[in-house]
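Please look over the sequence and the structure shown here before reading on.

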Amino acid sequence: MSETEIKYHKRKREIFQENYRKLAEKTDRLFAGLFFFQWLLGILLAFLITPRTWVGVNSQIHIHVYAAIFLGGLLSSLPIYLAITRPGETLNRYVITIAQSLYTILFIHLTGGRIETHFHVFVSLAFIAFYRDIKPLLLATLITVLDHFIRGYFWPESIYGVLSSTPWRALEHSAWVVFENCILFISIKNGLDELGFIAERQAKLEITLDDIEKIAENRTEELRKSQELIIEQQQTLIHSAKLSALGEMSAGIAHEINNPLTIIQMRVNQIHEMAERNSLDSSSVLKTTSRIQETIDRITKIIKGLRAFSRDGHNDPMVKTPVLKIIEETFSFCRERFMSMGVEIEFKVEALGKTPVEIECRQTEISQVLLNLLGNALDAIEGRPGKFIHVEALERETDVVISVTDNGIGIPLQLREKIMKPFFTTKPNEKGTGLGLSISQKIIQNHQGSLTIDPETKLTKFVIILPKVHSKNL
């Protein structure tokens with residue numbers, strides 16, 4: 001037997017026992033009320049039928065009254081106590097069965113053996129059958145049959161209301177009791193089958209739900225791992241795309257650094273020549289060294305920006321950063337390349353007030369987006385006359401709009417819906433992977449912003465909208 005089957009059968013037994021106990025508790029409470037009612041009924045019968053006994057002209061309270069009050073109270077007290085304090089216990093049904101059978105004997109005796117009172121036997125058996133247990137029913141039947149035979153032989157007046165009786169009469173009464181038991185046994189079996197069916201169905205349902213829950217947990221864990229893998233791969237793609245964009249600009253960066261190095265070399269040669277001619281003076285040296293320091297600072301700034309840009313910054317915190325700083329540092333990677341290709345470069349920032357325009361962002365990621373858009377613009381205007389790229393930043397109440405515009409060949413209307421999809425590109429295979437715009441759009445969305453193409457201009461104009469402050473920390 002498998003572990004699941006063992007668990008199922010165990011749970012089925014537990015549910016059956018739990019439901020049966022609830023049924024027993026309910027039946028115990030029913031009998032508690034019934035015993036109290038029978039006690040009052042027995043007292044009433046005693047006062048109505050035989051309230052007093054006479055000896056000549058003298059009378060006294062009949063013993064039936066005392067029997068109804070005290071014996072009836074004794075028969076009722078223990079079952080009521082057990083039903084209240086220990087409902088559902090196995091002992092209760094046997095104590096209640098015995099007490100109920102004795103109550104039947106008391107009622108028949110109080111009424112002088114009236115035939116109507118004998119129906120109390122059948123009603124009692126029906127109530128005892130509520131326990132859906134054959135054993136208490138058999139016990140009640142045994143007590144009833146013995147009572148009919150014993151009292152019918154020794155004291156027939158108390159049970160049949162006659163002075164003499166034959167065993168056949170007791171046998172007749174017993175036969176009717178047995179007949180009722182046959183019907184009650186069928187009812188008890190059907191009741192137990194119903195409880196078993198309910199337990200079986202509930203156990204199967206619980207086992208099924210447990211299996212579904214385990215499957216759901218396993219699937220959730222698989223999805224979590226898959227999501228982590230996807231996020232990891234996304235970050236790898238983002239970083240690769242960043243390095244790819246940086247590689248495309250590498251010629252310009254090298255030129256950007258070579259120019260300052262040339263200037264430094266020229267200034268050093270000037271100082272060397274003045275030293276050979278013994279024409280050094282403090283003002284000339286200070287002026288020359290100042291120019292050298294400025295050039296060194298320029299190179300340092302480029303290298304610092306390059307190092308910051310090339311690192312994986314997706315885990316960096318969101319910090320307020322001037323938009324102008326982002327644009328200038330991004331341009332430092334490609335300014336020389338643009339100038340060498342005769343491209344007119346222009347950028348401006350329009351603020352609402354006198355304070356600098358700032359956005360809460362990860363600077364390296366926003367720089368990556370701008371660098372990708374600038375690289376795409378440069379490819380689009382290659383070979384065209386009057387080439388220009390304009391970058392504008394407009395501050396609004398709650399957000400900042402950054403646009404990158406070029407006068408390239410443009411993007412056909414039928415391709416504008418596809419341009420943001422991964423791996424879609426209009427460039428030759430050797431010049432693009434089709435990931436730049438899709439990654440850029442994902443970065444901007446993670447910043448709670450949007451990246452779209454302006455449909456109202458004939459030029460190619462990408463528009464970035466970024467909130468000044470995020471509604472929550474991403």
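What follows is a short report on a helix, some aromatic rings, some charged pairs and a surface patch.

## About the model

This is a predicted model, in which local features need pLDDT of at least 70 and side-chain atom pairs count only at pLDDT 80 or more, while totals for chains, interfaces and linings use all residues. Residues are numbered from 1 along each chain as its sequence is written, and side-chain values use heavy atoms, with hydrogens and water left out.

## Helix α2

Helices here are DSSP runs of H or I with at least four residues, numbered from the N terminus. Helix α2 covers residues 63-85, and its 23 residues reach 32 Å from the first C-alpha to the last, which is close to the 33 Å expected at 1.5 Å a residue (the expected span being 1.5 Å times one less than the number of residues).

A kink of about 25 degrees is centred on Gly73 in α2, where the bend at a residue is the angle between axes fitted to the seven residues ending there and the seven starting there. Gly73 is also one of the buried residues of α2, which include Gly72, Leu75 and Pro79; buried means under 20% relative accessible area, exposed means over 50%, and partly exposed lies in between, with a 1.4 Å probe and protein chains only.

## Aromatic rings

The structure holds 13 aromatic pairs, a pair being two rings of Phe, Tyr or Trp (its six-membered ring) with centres within 6.5 Å, called stacked if the planes are under 30 degrees apart, edge-to-face if over 60 and tilted otherwise. Phe16 and Tyr20 have ring centres 6.5 Å apart and planes at 15 degrees, so this pair is stacked. Phe16 and Tyr20 are four residues apart in helix α1 (residues 3-49), about one helical turn. Phe16 is partly exposed at 26% relative accessible area, whereas Tyr20 counts as buried at 13%.

One aromatic cluster is formed by Phe31, Phe35, Tyr103, Phe107, Phe127, Phe130 and Tyr131.

## Salt bridges

Side chains of opposite charge can pair when their charged atoms come close. The structure holds 17 salt bridges, each being a side-chain nitrogen of Lys or Arg within 4 Å of a carboxyl oxygen of Asp or Glu. Arg11 and Glu206 meet in one of them, at 2.5 Å from N to O. Arg11 lies in helix α1 and Glu206 in helix α7, so the pair ties together parts that are 195 residues apart in sequence.

Glu89 forms a salt bridge with Arg21, with the closest N and O atoms 3.3 Å apart. Because Glu89 lies in the loop between α2 and α3 (90-110) and Arg21 in helix α1, this pair ties together parts that are 68 residues apart in sequence. In another salt bridge, between Arg224 and Glu221, the closest N and O atoms are 2.3 Å apart, and both residues lie in helix α7, three residues apart, or about one turn of the helix. Salt bridges that share partners also join Arg11, Glu14 and Glu206 into one network.

## A nonpolar surface patch

Which helix supplies the largest share of the nonpolar patch? The largest share, six residues, comes from α5, and both α5 (134-154) and α7 (167-248) supply at least two residues each. Among the members of this surface patch are Leu142, Phe149, Trp168 and Leu171, and the whole patch has about 1,100 Å² of accessible area together. Leu171 has its place in helix α7 and is partly exposed, with a relative accessible area of 41%.

Patches are made of residues with over 30% relative accessible area and no salt bridge, with like charges joined within 9 Å and nonpolar side chains (Val, Leu, Ile, Met, Phe, Trp, Tyr) within 5 Å. Accessible areas come from the Shrake-Rupley method with a 1.4 Å probe, and for residues only the protein chains shown count as cover.
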